[in-house]
Amino acid sequence: MLKALAVLRTLFLVFIVGYTVRAMPWWTSVARTFDEQYARCSATVGLLMRAAWLAVAWIALETVLGWLMARRRPLEPDVPKARTGEPPFAPPPHR
């Protein structure tokens with residue numbers, strides 16, 4: 001599960017970086033007048049806001065999944081617990 005989340009996180013990071021770079025106003029050609037520059041900048045604000053909200057949604061999803069995974073019971077160890085203070089078995093000798 002953790003490896004799948006790491007792969008999804010990487011894919012989302014590549015997507016959100018590409019989406020944001022494409023939405024930046026300097027990505028298009030240089031504006032000649034102030035009105036043209038204002039029109040291009042105001043048109044990209046919506047795209048940048050969408051990219052920010054996608055990033056916030058991803059952080060919220062990872063937080064919820066992290067809390068759900070933390071609530072799971074840990075796996076029981078294969079080695080039985082010793083009733084005394086001694087370890088249950090001795091380590092192998094060195095050769």
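Trainee: Hi! Is Leu48 buried, partly exposed or exposed?

Mentor: Leu48 is partly exposed, at a relative accessible area of 26%; buried means under 20%, exposed over 50%, and partly exposed in between, with a 1.4 Å probe and protein chains only. Keep in mind that this is a predicted model, where local features need pLDDT of at least 70, side-chain atom pairs count only at pLDDT 80 or more, and totals for chains, interfaces and linings use all residues. Residues are numbered from 1 along each chain as its sequence is written, and side-chain values use heavy atoms, leaving out hydrogens and water.

Trainee: Thanks! What does Leu48 touch, beyond residues up to four places away in sequence?

Mentor: Leu48 touches Thr20, Ala23 and Met24, where contact means heavy atoms within 4.5 Å.

Trainee: Which helix is Leu48 in?

Mentor: Leu48 belongs to H2; helices are DSSP runs of H or I with at least four residues, strands are runs of E with at least two, and both are numbered from the N terminus. H2 covers residues 34-71 and spans 55 Å from first C-alpha to last, close to the expected 56 Å, which is 1.5 Å times one less than its number of residues.

Trainee: Where is the kink in H2 centred?

Mentor: On Val45, with a kink of about 30°; the bend is the angle between axes fitted to the seven residues ending there and the seven starting there.

Trainee: New topic: how do H1 and H2 pack?

Mentor: Their axes are 9 Å apart, at an angle of about 170°; axes are lines fitted to C-alpha atoms over the stretch in contact, and angles run from 0 to 180 degrees between N-to-C directions. So H1 is roughly antiparallel to H2, a label for angles over 145 degrees.

Trainee: And which residues of H2 are buried?

Mentor: Thr44, Ala51 and Trp58 are buried in H2, and H1 is part of what covers the buried residues there.

Terms used:
Parallel < 35°, antiparallel > 145°, perpendicular 65-115°, else oblique.
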